[in-house]
Amino acid sequence: MSAILHKFDNAAALAEGLADALSARLAAAIAARGKASIAVSGGSTPKAFFRALSGRDIDWAKVTITLVDERFVPPESDRSNHALVAANLLQNNAAAAQFVPLYHAAATAEDAAAIATEKTAAIPAPFDVVVLGMGTDGHTASFFPGGTRLEEALDPATPRGVITMEADGAGETRLTFTFSSLQDAGYLVLHIEGEGKKEVLARAQASGEEAEMPIRAVLGRAASPLQIYWAP
Ligand SMILES: O=C(O)[C@H](O)[C@@H](O)[C@H](O)[C@H](O)COP(=O)(O)O
């Protein structure tokens, strides 16, 4: 599917522009169906955009927020994406939103993934909005090169849901939505910043295996047009 580039002069302008676009999409979903859903990524890039979005004036009580992926750590951990979202997005007006975590205090990550799959199944598919990040190794979500269940995660036949992933670059065991859960979002966003990530994206857009740079699955096979938001 195609990719549309939204280029901004700087990160602050991108944060505002992305917050404007997403709040409009969420408000339109609420107007159409009475509810809206958004799955966001963790990492360091999204903080400013989370803060901008948290202040937008929409009916947040009708919005369900979840994560694209999570580290298998409790929300008290400084590695937790839940903690990142709680501190930066579930604030201000957006504090009224419903948040559905992926981490659950279970005996194993597999048990937590099964619980997350069950709990997130209540969110109508497809997501209205999905915001992906990208690592310098070309991973997105927790689709890491060399990941233990990468082929399964990217397989279009794999059902929607949350699975575990382990990889050298991932740190803790991860909990990640599958490609099939994310790729048909009403508005599918890739949010990256800096010249380095722009070069990584260019490499990913060149020919090569998905397993080498898993973002290629999104670039090449997502059902929804990919909205690339980039600032230097
Ligand atoms: O849990 C995570 O870390 C994210 O979901 C991950 O996929 C992230 O989007 C990329 O690693 C980019 O992270 P940065 O924004 O920190 O570069």
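Predicted model: local features only at pLDDT ≥ 70, side-chain atom pairs only at ≥ 80, totals over all residues.
R216 touches R203, A204, A206, S207, G208, E209, E210 and R221, leaving out residues up to four places away in sequence. R216 sits in helix 8, which covers residues 215–221.

**R216 and its surroundings**

- R216 counts as buried, because its relative accessibility is 8% and the cut-off for buried is under 20%.
- The side chain of R216 reaches two backbone oxygens: that of R203 at 3.1 Å, and that of A204 at 3.0 Å.
- R203 and A204 also turn up among the residues that R216 touches.

- Helix 1 runs over residues 11–33, which makes 23 residues.
- From its first C-alpha to its last, helix 1 reaches 32 Å, close to the 33 Å expected at 1.5 Å a residue.
- At the start of the helix, a side-chain oxygen of N10 comes to within 3.2 Å of the backbone nitrogen of A12.
- Have a look at which residues of helix 1 are buried: L14, A15, G17, L18, A19, A21, L22, S23, L26, A29 and I30.
- What do those buried residues pack against? Their partners are helix 2 (47–54) along with strand 2 (36–40), strand 3 (63–67), strand 6 (129–132), strand 9 (187–193) and strand 10 (226–231).

- G34 belongs to the loop that joins helix 1 to strand 2.
- Is G34 buried, exposed or partly exposed? It's partly exposed, because its relative accessible area is 36%, which falls between the 20% and 50% cut-offs.
- Leaving aside neighbours within four places in sequence, G34 is in contact with A29 and K62. A29 is one of the buried residues of helix 1.
- If you'd like a sense of scale, find L201: its C-alpha is separated from that of G34 by 36 Å, and the two are 167 residues apart along the chain.

- Most residues other than glycine have a negative phi, and most peptide bonds are trans.
- Where does the chain have a cis peptide bond? The bond from A125 to P126 is cis, with omega near -5°.
- You'll find P126 in the loop between helix 4 (109–120) and strand 6.
- N92 isn't a glycine, yet its phi is positive, near 55°.
- N92 is in the loop between helix 3 (81–88) and strand 5 (98–100). It counts as exposed because its relative accessibility of 57% is over 50%.
- A141 isn't a glycine either, and it has a positive phi of about 50°.
- A141 lies in the loop between strand 6 and helix 5. It's buried because its relative accessible area, 7%, is under 20%.

**S142, the next residue along**

- S142 has its place in the loop between strand 6 and helix 5 (150–154).
- With a relative accessible area of 0%, S142 is buried, because anything under 20% counts that way.
- Which side chain does the side chain of S142 make a polar contact with? It's that of D69, at 2.6 Å.

- Rolling a probe the size of a water molecule over the atoms shows where empty space is left.
- The largest pocket has a volume of about 350 Å³.
- Its lining is made up of 26 residues, and G42, G43, G133, M134 and H139 are the ones nearest its centre.
- Helix 2, strand 4 (69–71) and strand 6 each give at least two residues to that lining.
- Sorted by class, the pocket lining holds nine nonpolar, 12 polar and five charged residues.
- How many cavities of 30 Å³ or more are there? The count comes to one.
- The largest cavity has a volume of about 40 Å³. Its lining is L132, T140, F143, F179, L182, Q183, L188 and V218.
- That cavity lining splits into six nonpolar residues, two polar and no charged.

Notes:
Residues numbered from 1 in each chain as written. Heavy atoms only, no water. Helix = DSSP H or I, 4+ residues; strand = E, 2+ residues; numbered from the N terminus. Expected span 1.5 Å × (residues − 1). Buried < 20%, exposed > 50% of the residue type's maximum accessible area, 1.4 Å probe, protein only. Contact = heavy atoms within 4.5 Å. Polar contact = N/O pair within 3.5 Å; in protein donor to acceptor, adjacent residues only side chain to side chain. 1 Å grid on protein atoms, 1.4 Å probe; cavity = no way out; pocket = protein on both sides within 12 Å on 5 of 7 lines; lining within 4 Å. Points joined across faces, edges and corners; volume = space filled by probe spheres on them. Nonpolar A, V, L, I, M, F, W, Y, C, P; charged D, E, K, R; others polar.
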